[in-house]
Amino acid sequence: MFSKSKRNIVATIMLILSILWIGTLGIIFITSYLDVSATNYEMLEEYASNYLLKKPFDLPPRQNPQGAPQRRHQDTDRFKLSTFYSVALSYDGDVIEVQNDESGVYTNEELVQFAEEIVRSKKETKGTSNSLLFYKLEKNKYNLICFMDNTILQKSMSTLFRYTLVFGSIIMVPLFFLAVYLANRIVRPLEESYEKQKQFISDAGHELKTPVSVVSANAEILSREIGNNQWLSNIQYENERMGNLIGQLLDLARTEASTQIIERLDFGQLITGGVLPFESVAFEKGLAIETEIAKDIFVAGNRSQLGQLVSILVDNAIRHGNGSQPIKVALHAERGHARLSVINSGDEIPHEERQRLFERFYRTNKVRNGEDKHYGLGLSIAKSIVAAHNGKIEVHCYNGLIEFKVIIPKI
């Protein structure tokens with residue numbers, strides 16, 4: 001139980017840290033990328049606005065139709081170190097001029113092809129094409145398509161992302177161990193309190209056995225001397241109930257003990273043997289027990305505890321069965337697990353009560369006042385047994401039937 005709580009705490013801490021890490025990484029990455037891209041587009045627009053044909057194309061010398069030259073970035077080192085390309089195309093599609101970088105990364109033909117595709121596809125004024133930022137500007141009598149090499153930006157952001165991811169993953173390792181440490185610190189007081197509670201139940205049960213036995217023995221001797229007596233009968237009845245309660249408390253304490261003998265068991269054979277003693281009990285209540293036990297289903301478990309589990313479920317079905325249909329006990333293999341079902345007819349259990357059936361001392365409203373020498377510990381013991389065998393127990397209600405289903409790993 002506490003191991004599962006520790007795993008949940010560790011998983012929650014790691015999930016929160018992962019969300020914070022991914023969120024921070026995403027914000028830094030996106031913000032940096034957008035900021036750098038915006039600056040690059042500004043430089044590209046400035047380059048296009050200040051562009052002049054080397055060979056005039058029916059324009060007066062050094063005329064700039066777009067107005068006064070922009071110089072926001074032009075004098076910066078970043079602008080001077082950036083690589084720009086440009087293609088001037090007439091409105092008829094003729095190439096007027098190509099300005100290429102000396103590095104020769106792209107040929108003139110490639111730049112012209114990129115520019116023609118941009119003009120032909122009527123893309124937006126700016127965007128990205130083939131690892132190049134582009135900006136299209138309509139000058140007097142021609143289209144100017146300017147490019148800026150975006151490869152360095154993409155590689156820089158890719159490197160930033162990769163190294164952030166690598167170092168972030170490395171940092172998550174010590175954070176995982178820190179989460180485990182914190183989970184242990186959080187759960188330890190609860191674990192200690194739970195262990196003390198179990199020890200108290202066990203000690204109190206053993207201490208109470210002696211006075212209960214003494215009262216029972218003295219009441220028996222007294223009944224022989226004075227015969228039938230109403231007050232003495234009350235003492236004997238209540239003492240017997242107290243003895244049953246103490247026995248169930250000790251069963252619960254033993255079930256939750258950490259040490260148990262695990263062996264390879266034929267689960268079907270164990271269930272068949274556990275059902276047989278209840279056939280006469282069921283017959284007295286006008287009920288029948290039908291079994292559907294698959295063969296060769298083996299589990300790793302404690303023989304005594306699993307036998308007690310079968311007894312609790314069958315006894316519960318007999319006590320709450322209404323006699324309209326027989327009690328059915330079935331065992332089948334299901335996806336690597338053994339599935340035990342105990343089904344009896346009865347009134348549907350409300351959803352809010354189903355969630356509490358396996359709590360200690362909880363009894364449904366219909367049996368809360370019953371004098372059946374049961375105290376709401378049986379199903380709690382059953383749940384503890386199933387949990388000790390790494391399984392789960394559920395209750396389902398359908399078509400006037402109540403099914404308790406147990407699933408534990410098979411071998």
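A residue is called buried when its relative accessible area is under 20%, exposed when it is over 50%, and partly exposed in between, with a 1.4 Å probe and protein chains only. The legends below describe a predicted model, in which local features need pLDDT of at least 70, side-chain atom pairs count only at pLDDT 80 or more, and totals for chains, interfaces and linings use all residues. Residues are numbered from 1 along each chain as its sequence is written, and side-chain values use heavy atoms, with hydrogens and water left out.

**View 1. N143 in strand β5.** N143 lies in strand β5, which covers residues 142-149; strands (E, at least two residues) and helices (H or I, at least four) are DSSP runs, numbered from the N terminus. Because its relative accessibility is 9%, N143 counts as buried. When neighbours within four places in sequence are left aside, N143 is in contact (heavy atoms within 4.5 Å) with V87, A88, L89, Y91, V119, L137 and E138.

**View 2. The largest nonpolar core.** A nonpolar core is a set of buried Ala, Val, Leu, Ile, Met, Phe, Trp, Tyr and Cys residues joined through side-chain atoms within 4.5 Å. The largest one here has 47 residues, and those with the most contacts inside it are F267, I289, L306, L313 and L340. At least two residues of this core come from each of several elements, including α5 (230-255), α8 (303-320) and β10 (337-345), and α8 gives the most, with 8 residues. Not counting residues up to four places away in sequence, I289 touches V275, F278, E279, A282, V314, I318, I327 and V329.

View 3. Y163, V166, F167 and I170 make a nonpolar surface patch of about 410 Å². Such a patch is made of residues with over 30% relative accessible area and no salt bridge, where nonpolar side chains (Val, Leu, Ile, Met, Phe, Trp, Tyr) are joined within 5 Å and like charges within 9 Å; a salt bridge is a side-chain nitrogen of Lys or Arg within 4 Å of a carboxyl oxygen of Asp or Glu. F167 sits in helix α4 (residues 151-226) and, because its relative accessibility is 48%, F167 counts as partly exposed.

View 4. A search of the whole structure finds 0 disulfides, a disulfide being a pair of cysteine sulfur atoms within 2.5 Å.

Methods:
Areas by Shrake-Rupley, 256 points an atom, 1.4 Å probe, with all protein chains shown as cover.
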